Amino acid sequence: MSDFSYQNLTPDLILDAIESIGIYPESGLLPLNSYENRVYQFRSDDAKRYVAKFYRPNRWLNAQIKEEHAFSFELANAEVPVVSPLERDGESLFEYQGYRFALFPSVGGRQFEMDNLEQLEVLGRYIGRLHSVAKQYDFKHRPNVDTQSYLDQASKDILASDCLPHSLELAFSTVLEQVVTKTKEKFRVNDTIRLHGDCHAGNILWSQEQLMIVDLDDCRQGPAIQDLWMMLSGDRQNQALQLDTLLGGYEEFSELDLGQLQLIEPLRAMRMVHYMGWLAKRWEDPAFPRNFSWFATDKYWEQQILALKEQLAALDEPALSIYP
């Protein structure tokens, strides 16, 4: 089965898969905004709402998915507000006709406000609590936040893509190579922990007046700052204030090596390249041309050349410091 093979994942198959573990949908299936996996919300005959997540074939090994689930259970047991999958007879990963899936309680809520300092401080506390649990031991099966996957492999996927216009290939590949080289020079990591891995505003909700952290699908081993830097936005002064606020809450529960602040711009560069590589790698999935059509336009690649040039300059700037 190819890594984008969802064509056999019909509504009937989805319903049969859910019923195979003793949950009986009463409503229709509502597709949720997910491209890496296929995710559906429904109401069951017990009047509860659930989310069914069907994992992309061939992306993760079973051991990696189970380790993600185990991490979420560990966090929930420590009263860190994360959304964990449901278990049936001690199992949380299920398989039906070749598709692996998990069920989660449906959690609604309002969007996290990145420019709200009170919310940032609360988030800092929760990430600090998450990391205090995460530091207890390392992942055995999950991948690392590293330059090989985020830069080298992603670059290969981008340059092999038919979406990159031939007329812009030289300009793009030149600045990409410069960013990759500079980022590798700057990305020096001495200490890693288990991470959420993709801790951005879209994965944080306010539900019933409590912050909820969702979607551990990209949990990895890496530097602690990876779970903090994506909350920073605006100019350096604003970012310094946001960082100071986050750390004010974070350090009530966990200590951050401030030397990791120098990793923020390398991590930003890695995310930029990795995102383009992800789109290029998934382009054969019909959902991607349909939802990311701009990826195949000259305008997009012209913008990325400019963005990479700006990021190359940012890599040479002094590391962000705590707000005075």
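Reader: Why is Gln 97 called exposed?

Author: In this predicted model, Gln 97 has a relative accessibility of 58%. Exposed requires over 50%, so Gln 97 counts as exposed. The residue is found in the loop between strand 4 and strand 5 (99-105).

Reader: What is noted about the phi angle of Gln 97?

Author: Gln 97 has a positive phi, about 50°, although it is not a glycine. Ala 47 is another non-glycine residue with a positive phi, in this case about 70°. Ala 47 lies in the loop between strand 2 (38-43) and strand 3 (49-54).

Reader: Is Ala 47 buried or exposed, and what makes it so?

Author: The relative accessibility of Ala 47 is 61%. The cut-off for exposed is over 50%, and Ala 47 is therefore classed as exposed.

Reader: How do you know that Phe 94 is buried?

Author: Phe 94 has a relative accessibility of 11%. Buried means under 20%, so Phe 94 falls in that class. Phe 94 belongs to strand 4 (residues 94-96). Leaving aside neighbours within four places in sequence, Phe 94 is in contact with Ile 21, Leu 86, Arg 88, Tyr 99, Arg 100, Phe 101 and Ala 102. Ile 21 is 73 residues away from Phe 94 in sequence, while their C-alpha atoms are 8.1 Å apart.

Reader: Why is Asn 203 called buried?

Author: Its relative accessible area is 7%. Since buried means under 20%, Asn 203 qualifies. Asn 203 occupies the loop between strand 7 (193-194) and strand 8 (204-207). Not counting residues up to four places away in sequence, Asn 203 touches His 196, Asp 198, Met 212, Ile 213, Val 214 and Asp 215.

Reader: What makes Ser 293 partly exposed?

Author: Ser 293 has a relative accessible area of 46%. Buried would require under 20% and exposed over 50%, so Ser 293 is assigned to the class in between, partly exposed. Ser 293 lies in the loop between helix 8 (287-291) and helix 9 (298-314). Beyond neighbours within four places in sequence, Ser 293 is in contact with Trp 283 and Phe 288.

Reader: Which residues of the largest nonpolar core touch the most other members?

Author: They are Phe 112, Phe 172, Ile 225, Trp 301 and Leu 308, in a core of 72 residues. Helix 7 (residues 264-281) gives the most to this core, with nine residues. A second, separate core has 18 residues, including Ile 23, Tyr 50, Phe 54 and Leu 103. In soluble globular proteins, nonpolar side chains tend to be buried together.

Reader: Why are helix 4 and helix 7 called oblique to each other?

Author: Their axes come within 8 Å and cross at roughly 45°. Roughly parallel would need an angle under 35 degrees, and roughly perpendicular begins at 65; helix 4 and helix 7 are therefore oblique. Helix 4 passes helix 7 in a left-handed crossing. By class, the contact of helix 4 with helix 7 has nine nonpolar, five polar and two charged residues.

Reader: What makes helix 4 roughly antiparallel to helix 5?

Author: The axes of helix 4 and helix 5 (residues 166-186) come within 11 Å and cross at roughly 170°. Angles over 145 degrees count as roughly antiparallel, so the description applies to helix 4 and helix 5. The contact involves Thr 147, Leu 151, Asp 152, Ser 155, Ile 158 and Leu 159 of helix 4, together with Phe 172, Ser 173, Leu 176, Val 180, Thr 183 and Lys 184 of helix 5. By class, it has six nonpolar, four polar and two charged residues.

Reader: How do you know that helix 5 and helix 7 are oblique?

Author: Their axes cross at roughly 140° and come within 9 Å. Roughly perpendicular extends to 115 degrees, and roughly antiparallel requires over 145; helix 5 and helix 7 are therefore oblique to each other. Their crossing is left-handed. Phe 172, Leu 176, Val 179, Thr 183 and Lys 186 of helix 5 meet Pro 266, Ala 269, Met 270, Val 273 and Met 276 of helix 7. By class, this contact has eight nonpolar, one polar and one charged residues.

Notes:
Residues are numbered from 1 along each chain as its sequence is written. This is a predicted model: local features need pLDDT of at least 70, side-chain atom pairs count only at pLDDT 80 or more; totals for chains, interfaces and linings use all residues. Side-chain values use heavy atoms; hydrogens and water are left out. Helices (H or I, at least four residues) and strands (E, at least two) are DSSP runs, numbered from the N terminus. Buried means under 20% relative accessible area, exposed over 50%, partly exposed in between (1.4 Å probe, protein chains only). Contact means heavy atoms within 4.5 Å. A nonpolar core is a set of buried Ala, Val, Leu, Ile, Met, Phe, Trp, Tyr and Cys residues joined through side-chain atoms within 4.5 Å. Axes are lines fitted to C-alpha atoms, for helices over the stretch in contact, and angles run from 0 to 180 degrees between N-to-C directions. A crossing is left-handed if the near helix is turned anticlockwise from the far one by less than a right angle, and right-handed if clockwise. Ala, Val, Leu, Ile, Met, Phe, Trp, Tyr, Cys and Pro count as nonpolar, Asp, Glu, Lys and Arg as charged, and the others, Gly among them, as polar.
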